[in-house]
Amino acid sequence: MPFITWAFCYSLSSDLNFNEMVLILDTWPVKTMGVFFIWALIHHLIAGLRHLLLDLQIGNDLIMARLSSKTVLLVSFVLTAIVVYWI
Amino acid sequence: MNIKWIKKPFGGMTQWIYQRFTALFMVIYLLIMGILISNHHTFNYFDWISIFDIWSVRFGTLIFFYLMFFHAWIGILHITEDYIKWFAIRRAVNFCFLVMIILQLLILSFYLIK
C-alpha cells in the first residue's frame, strides 16, 4: 500500500514523474506483482460476497460451503485472467 | 454523555456494517474509474491529470482512500486480535499500522486537495 500511495501521488505531480512511473511499472517484476495484486483484490471481493451469502444462511451446509469456496477460487482466477487480458 | 453510542452506533453489528458499506462504495468507485480510464485511447500524463481534474473524481478518490484505509484498519484489528496473544505487542503492532495509515492519508489528502 505505501508503494501504491507513493506511485499515485508521484505520477500526478508532474509530466516527468509520470513518464518515469510508467517506465517503472512496465518492468516484468512490477507487472508480475501487479497481476498478483489484482488477483488478491478480486479474490477478496468474491470471497467477501461468499461470506455475505453465508451470513444470509445460504449454502451453510458442508457440501455447499466446500463447493462455493472452490467456486470462489476458480472464478477469481478466471476474472483475473480476463482483467489482465483487458489491460 | 454516552460515548459508546458514537463508537458503536449499531452495537455488535457496527464493524460488520462498516466493512460491507465501505466495500460497496469501493467496488462502485473502481468500476467507474475503470470505465473513465478505459475511455482514453491514448494514455499520457495529460489524460491522467484530466481525469483527476474533475471535481467529483477528486472528491470520490479522496473518499475512496479514506474508506479503504478504514476498511483495512478494521481488518488489521481483527487479524492482530486473532493471532497476537500478547496484549502489549498487539497494541504496538496496531499502533504501527495506525501511524502508517494516517501518514498515507495525510499525503493523499495533500496531493488531492492541492
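This is a predicted model: local features need pLDDT of at least 70, side-chain atom pairs count only at pLDDT 80 or more; totals for chains, interfaces and linings use all residues.
Q: Which element of chain B has the lowest mean pLDDT, and which the highest?
A: The predictor's confidence in each residue is its pLDDT, from 0 to 100. Over chain B the mean is 87, and 97% of the residues reach 70 or more. The lowest mean among the elements of chain B, 72, belongs to helix 1 (residues 3-7) of chain B, and the highest, 92, to helix 4 (residues 55-83) of chain B.

Q: Why is chain A described as more spread out than a compact globule?
A: The radius of gyration is taken over C-alpha atoms, and the globule rule is 2.2 Å times the number of residues to the power 0.38. For the 87 residues of chain A the rule gives 12 Å. Chain A is more spread out because its radius of gyration is well over that value, at 18 Å.

Q: What box do the C-alpha atoms of chain B fill?
A: Chain B contains five helices and zero strands. Its radius of gyration is 18 Å, well over the 13 Å of the globule rule for 114 residues, so chain B is more spread out than a compact globule. Along the principal axes, its C-alpha atoms fill roughly 55 × 30 × 30 Å.

Q: How are helix 3 and helix 4 of chain A oriented to each other?
A: Axes are lines fitted to C-alpha atoms, for helices over the stretch in contact, and angles run from 0 to 180 degrees between N-to-C directions. The axes of helix 3 (residues 28-55) of chain A and helix 4 (residues 62-86) of chain A come within 9 Å and cross at roughly 140 degrees. The two helices are therefore oblique.

Q: Which residues of helix 1 of chain A meet helix 2 of chain A?
A: Residues are in contact if their C-beta atoms, placed from the backbone, lie within 7 Å. On the side of helix 2 of chain A, the partners are Asn17(A), Phe18(A) and Met21(A). Helix 1 of chain A contributes Ala7(A), Tyr10(A), Ser11(A) and Ser13(A).

Q: Which helix of chain B supplies the largest share of the side that touches chain A?
A: The contact takes eleven residues from chain B and eleven residues from chain A. Helix 2 (14-38), helix 3 (45-51) and helix 5 (87-113) of chain B each supply at least two residues of the chain B side. The largest share, five residues, comes from helix 5 of chain B.

Notes
Residues are numbered from 1 along each chain as its sequence is written. Chains are lettered from A and ligands numbered from 1 in the order in which they are written. Two residues are in contact if their C-beta atoms, placed from the backbone, lie within 7 Å. Helices (H or I, at least four residues) and strands (E, at least two) are DSSP runs, numbered from the N terminus. Angles under 35 degrees count as roughly parallel, over 145 as roughly antiparallel, 65 to 115 as roughly perpendicular and the rest as oblique.
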